[in-house]
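Hi there,

Here is the structure I promised to pass on. Please have a look at it first, and then read my notes below.

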Amino acid sequence: MQPKQLIETYKAKDGRNIEIRTPDCEDVEGLMNYINGLVDEGAPISTNEKQNHISEIQYLADEVQKILEGKLIALVAISGQKIVAHAEIRRGSGRASHVGTLGIGVAKEYRDLGIGQELIRLLIKLANSQGYRLIKLEVYAHNAPAIHVYRKFGFVETGVIPKMGLFANGYEDALIMCLEL
Ligand SMILES: CC(C)(COP(=O)(O)OP(=O)(O)OC[C@H]1O[C@@H](n2cnc3c(N)ncnc32)[C@H](O)[C@@H]1OP(=O)(O)O)[C@@H](O)C(=O)NCCC(=O)NCCS
């Protein structure tokens, strides 16, 4: 994969055209706004820290480098000029080189339009073509939409990590889910 490679244009359920491509170093502002939106919302993701330009430049430089090395599959979804979703599969190392860890987020106002499922469909297709044999992920136990989507793709729950995240209501378990390719 190359940075800024157009993968497809996806028609969302509301009719909007969403461009899906690989990220590029020019995406610093867009990705920072996207992730900070999730943090502001208190989304059920592992990070609750806002990014700044410096941290985002470092994150993106690492991401682009790993894409070029074949250690990362990453996609962004763009509506107009705005990054509205990011999804990735990060390759393990050594004996786990065939194992990818999936992460995904869609900006709140773009959810339930099919974008998340389209990104996962593409990630799985790309992972298959790049020799991955297992995709794993962790999801907080109260994250019903995400669990619903993962099950639709055939992910199965293989374990529980107790008290994995601290939320306003207290500790939350995380489920481990896996998909064998
Ligand atoms: C999980 C997430 C990526 C899904 O993205 P999305 O673009 O909304 O996904 P889609 O529109 O393709 O599909 C959403 C599905 O969830 C379902 N859904 C919505 N709310 C739901 C709920 N409360 N309980 C169960 N299912 C729900 C929808 O009906 C739809 O399923 P369907 O196609 O079978 O009808 C998105 O909700 C998100 O970014 N959440 C915040 C960040 C996050 O949780 N990331 C994952 C961390 S593991």
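What share of the contacts in the chain between residues at least 6 apart in sequence join residues at least 24 apart? The share is 58%, where two residues are in contact if their C-beta atoms, placed from the backbone, lie within 7 Å.

Please keep in mind that this is a predicted model: local features need pLDDT of at least 70, side-chain atom pairs count only at pLDDT 80 or more, and totals for chains, interfaces and linings use all residues. Residues are numbered from 1 along each chain as its sequence is written.

The chain has four helices and eight strands (DSSP runs, H or I of at least four residues for helices and E of at least two for strands, numbered from the N terminus). Their order along the sequence is β-β-α-α-β-β-β-α-β-α-β-β. The radius of gyration, taken over C-alpha atoms, is 16 Å, close to the 16 Å from the globule rule for 181 residues, so the chain is as compact as a globular protein of that length. That rule is 2.2 Å times the number of residues to the power 0.38.

Strand 1 (residues 6–11) pairs antiparallel with strand 2 (residues 17–21) over five bridges; strands pair if DSSP finds at least two bridges between them. L6 sits opposite R21 of strand 2. Five residues lie between the strands of this hairpin, and G15 has a positive phi near 95°. Strand 2 also runs antiparallel to strand 3 (residues 72–79), joined by three bridges, and I20 has A77 in strand 3 as its bridge partner.

Best wishes
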